[in-house]
Amino acid sequence: MTQDDRDHSAASTVSSPSTTSSPSDGSHPVAIKAIKLRHPWRILISVVLVILLVLFVIDASQRSAYGWPDVAKYVFDRRISQGALVTLQLTVYSMIIAIVLGLLLAVMRLSPNPVVKSVAWLYLWVFRGTPIYVQLVFWGLVALIYKTIDIGLPFMQPWISIPNNLALNVFIIAIVGLSLNEAAYMAEIVRAGLLSVDRGQEEAATALGMSWGQTMSRIVVPQSMRVIIPPTGNEVISMLKTTSLVAAIPLTTDLYGVSRDISAVTFTPIPLLIVASIWYLLFTSILMVGQYFLEKRFSRGVGMRRPDKKVQPIGNDVGGKG
Amino acid sequence: MSDMPMVRADGVSKSFGSNEVLKGISLTVDPGEVLCIVGPSGSGKSTFLRCINHLERVDAGRLSVDGQLVGYREKGDKLYELKPKEAAKQRREIGMVFQRFNLFPHMTALENVMEAPMRVRGISKAQATARAEELLARVGLGDKGDHYPAHLSGGQQQRVAIARALAMEPKLMLFDEPTSALDPELVGEVLDVMKGLAKTGMTMIVVTHEMGFAREVADSLVFMDGGVVVESGDPREVLSSPKHERTKAFLSKVL
Ligand SMILES: Nc1ncnc2c1ncn2[C@@H]1O[C@H](COP(=O)(O)OP(=O)(O)OP(=O)(O)O)[C@@H](O)[C@H]1O
Ligand SMILES: [Mg+2]
């Protein structure tokens, strides 16, 4: 093998004498043309996998139980696309609330006040320690526990007492349930981001006379975004799929709920599961593309920070001012 | 005014838990004076500097800057802790330069210098830009304003950090080992800027291991060890003929 290599490189040296004649004057050195290492097992495994996949596809396309005509019929059904819209709304609203609440909880956990800190810890303990499905069922029942919203002094006749209509709106209940749960996870992501910023940054800003709020908003938070954004993208994708659990409340107007409702009438559950999956895949794919570009943008910030790199600045493509 | 010291420390003490780091530091720094603090690692030099701009709380003793008690307000015979806003106001008057520069990496050199004057002093962007350009020119970096810290050498970063501190127009500058993180060939450019600053009459407290700088620029020198001032006086005298055994032992190692 080594003998083989040597022969080969010798041959290439001979075949291009002009490049080797003056290696010191900055011309290109000879390119290495070695025999590639072979990976017979890799090739074998790949072939087997491809064969299995092809067999599966051919088989699936011929099985009537998949109901491909039904898939084609329902994939652009108006009820399905309406359900997809509800799923998107649940995802977006819940994530926005979760991010704001998560930021608040993260700051609370870093607070010097032990009571504030403990309250945040307790919140995380409860919401991360119980299943989201159980939480959603609970929120569905909350209207039974709190039948009215009372305003007044504790243990006295309330001044105002309004029926708790809010808790009867399952869409709002779903957003409450999803976002309160997600906030606990966002809090940990934000906290990790804030802690990733060097303590010296906060110190330098404080020494300049900047207030805590200015230090956070101008110095610490912008630098923590690099750490916060990638896992937040994952959370969005995860939230999109978790919305299918709102059946626990029960809310049935989301993508999975609608497809279930249709199949309950038509007795074709399998094609409708495929239809729902196609839509979920479409959304997660779009989100993954978005996440790819976000991560690329924020890892460029890391590249900037390499101390051994003395490149001229690329202009204002990094930093908040852009 | 002229006979009031810029910094007066009177028995300043500070503990972290059971670790007593400062055990009664007393010294004064007059306006325009350059004081160098030397001493072995862990002797409390950084902690003392951080007490002066209230990044750390003093546990006992009195510490005042320009006649104002640091971090507290005295009313009758009681001391009241300052609100964060009031403490921030005191810090504006005191510039600080760190060993590891601590420039804001997501801002250009110019933005680093402009940030605090704009946010804290509330001056206009145009004014802040003009002032920042002037300060960068003063530290020899007039052409580097649009560079990010990552694209500057250590010496250049530290000079930006000095300009950033000066932008708040402080009456006192604190330097915590400003050249310790630098490659040897970059130390000179930072010390030159500091020398220039001393010539303008800035009051400076410099923690350093650069004995040449202390000898040449400092008006007085303090040797700290184990949280106390062991010896102080004229830098040339202390450095050439130290009186205490501990000072002698320390200097024999660094000189
Ligand atoms: N925030 C803190 N919490 C607990 N202990 C601390 C803290 N800051 C400093 N110390 C301790 O105080 C002592 C003095 O530290 P300080 O940084 O003031 O020393 P120094 O003289 O500046 O040393 P060096 O030359 O290494 O910078 C050390 O033992 C250190 O461990
Ligand atoms: Mg120190």
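Helices (H or I, at least four residues) and strands (E, at least two) are DSSP runs, numbered from the N terminus. The structure is a predicted model, in which local features need pLDDT of at least 70 and side-chain atom pairs count only at pLDDT 80 or more, while totals for chains, interfaces and linings use all residues. Residues are numbered from 1 along each chain as its sequence is written, chains are lettered from A and ligands numbered from 1 in the order in which they are written, and side-chain values use heavy atoms, with hydrogens and water left out.

**View 1. The shell around ligand 1 in chain B.** β2 (19-29) and α1 (45-52) of chain B each supply at least two residues of this shell. The most comes from α1(B), with 3 residues. A residue counts as near the ligand if one of its heavy atoms lies within 4 Å of it; among the surrounding residues are Phe16(B), Asn19(B), Pro40(B), Thr47(B) and Glu177(B). Sorted by class, the shell has 3 nonpolar, 7 polar and 2 charged residues. Here Ala, Val, Leu, Ile, Met, Phe, Trp, Tyr, Cys and Pro count as nonpolar, Asp, Glu, Lys and Arg as charged, and the others, Gly among them, as polar.

**View 2. Polar contacts of ligand 1.** A polar contact is a pair of N or O atoms within 3.5 Å; within protein, one must be able to donate a hydrogen and the other to accept it, and residues adjacent in sequence count only if both atoms are side-chain atoms. A polar backbone atom of Gly42(B) is 2.8 Å from an oxygen atom of ligand 1. For Ser43(B), a backbone N or O atom lies 3.2 Å from an oxygen atom of the ligand. Lys45(B) uses its side chain, where an N or O atom is 2.9 Å from a ligand oxygen atom. On its own, ligand 1 has 630 Å² of accessible area, and the protein covers 59% of this. Accessible areas come from the Shrake-Rupley method with a 1.4 Å probe; for residues, only the protein chains shown count as cover.

**View 3. Ser13(B) in strand β1.** Ser13(B) is placed in strand β1 (residues 7-16) of chain B. Its relative accessibility is 13%, so Ser13(B) counts as buried (buried means under 20% relative accessible area, exposed over 50%, partly exposed in between; 1.4 Å probe, protein chains only). The side chain of Ser13(B) reaches the backbone nitrogen of Gly24(B) at 3.1 Å.

View 4. Side chains of opposite charge can pair when their charged atoms come close. A salt bridge is a side-chain nitrogen of Lys or Arg within 4 Å of a carboxyl oxygen of Asp or Glu, and the count over all chains is 22. One of them joins Glu188(A) and Arg109(A) (3.0 Å, N to O). Glu188(A) lies in helix α8 (residues 170-196) and Arg109(A) in helix α5 (residues 78-109), both of chain A, so the pair ties together parts that are 79 residues apart in sequence. Arg109(A) is buried, with a relative accessible area of 18%. Salt bridges that share partners join Arg109(A), Glu188(A) and Arg191(A) into one network.

View 5. The closest N and O atoms of Arg50(B) and Glu203(A) are 2.6 Å apart in a salt bridge. Because Arg50(B) lies in helix α1 of chain B and Glu203(A) in helix α9 (residues 199-207) of chain A, the pair joins two chains. Arg50(B) is buried at a relative accessible area of 16%, and Glu203(A) is buried at 18%.
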